[in-house]
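Biologist: Could we go through the helix packing and the aromatic contacts in this model? Please state the criteria as you go.

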Amino acid sequence: MMDKAPRLTAEHRDDLVAYLDGELDESRSGQIDQVLARSEVARHEVEALARTWELLDVLPRVAAPTDFAETTMSTLKVAETRTPITDQPWFEYVRRGRVVAVWAIAILLSAAIGFQITSRWVPNPHEEVLRDLPLLEKLHQYQDVKDVEFLQQLKKINAFAEPVGQGGSP
């Protein structure tokens, strides 16, 4: 039976660049050497990585602009500097909204106070008519009554009693 060829683990792959540069300690470097000795696939992976690494040396070097460091540092300073909350663009909208809210509350409060004043202290000319409405609705019936004694006789015979099931106020 043939042994399964060992493969590079994720940890080994993370260490491959350091392995190729000779920066790994002996034990880790030895582990990778053992895997490479037994696995052709692992050797191909390392050779591909080594060729890629060599190609990077062939590419032309790009020089950073002379002001790269200064621009980067100024960008970092700007990022670190906190803008005061009053200088934020949305703060002006909040300030304007606060004024509108105060005016809206003042108008609502004035309306509520005005309603309470007029409903309690200013007499309603229709209130008396509304209070006497049940009497006014039956006024034509009451006009047929000649005197109080007639009403007392009707009361004795229970003529004012409401029919059963109709309830209501007199």
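Modeller: Buried means under 20% relative accessible area, exposed means over 50%, and partly exposed lies in between, with a 1.4 Å probe and protein chains only. The model is predicted, so local features need pLDDT of at least 70, side-chain atom pairs count only at pLDDT 80 or more, and totals for chains, interfaces and linings use all residues. Residues are numbered from 1 along each chain as its sequence is written, and side-chain values use heavy atoms, with hydrogens and water left out.

Biologist: Is His12 buried or exposed?

Modeller: His12 has a relative accessibility of 11% and therefore counts as buried. His12 belongs to helix α1; helices are DSSP runs (H or I, at least four residues), numbered from the N terminus.

Biologist: What does His12 touch?

Modeller: Leaving aside residues up to four places away in sequence, His12 touches Gln31, Ile32 and Val35. Contact means heavy atoms within 4.5 Å.

Biologist: At what angle do α1 and α2 pack?

Modeller: Helix α1 (residues 10-20) packs against helix α2 (residues 26-38) at about 110°, and their axes are 11 Å apart. The axes are lines fitted to C-alpha atoms, for helices over the stretch in contact, and angles run from 0 to 180 degrees between N-to-C directions. The two helices α1 and α2 are therefore roughly perpendicular (65 to 115 degrees; under 35 is roughly parallel, over 145 roughly antiparallel, the rest oblique).

Biologist: Which residues of α1 and α2 meet?

Modeller: From α1, Glu11, His12, Asp15, Leu16 and Tyr19 meet Arg28, Ser29, Gln31, Ile32, Asp33, Val35 and Leu36 of α2. The residues of this contact comprise five nonpolar, three polar and four charged. Ala, Val, Leu, Ile, Met, Phe, Trp, Tyr, Cys and Pro count as nonpolar, Asp, Glu, Lys and Arg as charged, and the others, Gly among them, as polar.

Biologist: And how far apart are the axes of α2 and α3?

Modeller: The axes of α2 and helix α3 (residues 40-58) are 5 Å apart, at an angle of about 115°. In this contact, Val35, Leu36, Ala37 and Arg38 of α2 meet Glu40, Ala42, Arg43 and Val46 of α3.

Biologist: Changing topic, how many aromatic pairs are there?

Modeller: There is one aromatic pair, where ring centres of Phe, Tyr and Trp (its six-membered ring) must lie within 6.5 Å, and planes under 30 degrees apart count as stacked, over 60 as edge-to-face and the rest as tilted. Trp90 and Phe91 form an edge-to-face pair, 6.1 Å centre to centre with 70° between the planes.
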